[in-house]
Amino acid sequence: MLVSSLLVASSLITAIVFPDIDAIFGILGGTTAVVISFVAPALFWESFVGYMYPWHHPRKLFCQARLLLGVVCSNAAIDLGAAISHRA
C-alpha cells in the first residue's frame, strides 16, 4: 500500500512539474518498466526466500546486484525523460 501511494504521489508531482504529457509518459513508462523487471522480483525474493541465506551467498549477492541495477536503470530513465522534455 505504501509503495502504491508513493507511485501515485510521484506521478502527481511529475505531472505538476512537467506539463508536457509525452515527457510524463516517458518518465513513468521507463521507471515502471524498471520496477517491474528488476526491483520487484529482487524485493520479493529477498522477503520470501533471501532471509534464509547469509549475506555472502551468491544468490543473495545476485539479488542485491539486481536491485542495484534496477536503481541505476531507474535513475537513467528519469534523467533521459527529463532531457527529452527539456529538448522539446
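V17 is exposed, at a relative accessible area of 52%; exposed means over 50% relative accessible area, buried under 20%, and partly exposed in between (1.4 Å probe, protein chains only). This is a predicted model, in which local features need pLDDT of at least 70 and side-chain atom pairs count only at pLDDT 80 or more, while totals for chains, interfaces and linings use all residues. Residues are numbered from 1 along each chain as its sequence is written, and side-chain values use heavy atoms, with hydrogens and water left out.

- V17 belongs to helix 1, residues 2-17; helices are DSSP runs (H or I, at least four residues) numbered from the N terminus.
- Helix 1 has 16 residues and spans 22 Å from its first C-alpha to its last, close to the 22 Å expected at 1.5 Å a residue; the expected span is 1.5 Å times one less than the number of residues.
- Helix 1 is hardly covered, with a count of one buried residue among its 16.
- L12, I13, I16 and V17 make a nonpolar surface patch of about 430 Å².
- Patches are made of residues with over 30% relative accessible area and no salt bridge, where like charges are joined within 9 Å and nonpolar side chains (Val, Leu, Ile, Met, Phe, Trp, Tyr) within 5 Å.
- Accessible areas come from the Shrake-Rupley method with a 1.4 Å probe, and for residues only the protein chains shown count as cover.

**The salt bridge**

- A search of the whole structure finds one salt bridge, defined as a side-chain nitrogen of Lys or Arg within 4 Å of a carboxyl oxygen of Asp or Glu.
- E46 and K60 form this bridge, with their closest N and O atoms 2.7 Å apart.
- The pair links distant parts of the chain, E46 in helix 2 and K60 in helix 3, 14 residues apart.
- K60 is buried at 9% relative accessibility, whereas E46 is partly exposed at 27%.
- Leaving out residues up to four places away in sequence, K60 touches W45, E46, G50, Y51, Y53, P54 and W55; contact means heavy atoms within 4.5 Å.

**Aromatic pairs**

- The count comes to two aromatic pairs; rings of Phe, Tyr and Trp (its six-membered ring) pair if their centres lie within 6.5 Å, and planes under 30 degrees apart count as stacked, over 60 as edge-to-face and the rest as tilted.
- F44 and F48 are stacked, at 6.4 Å centre to centre and 25 degrees between the planes.
- W45 and Y53 are stacked too, at 5.6 Å and 15 degrees.

Definitions and conventions. Helix = DSSP H or I, 4+ residues; strand = E, 2+ residues; numbered from the N terminus.
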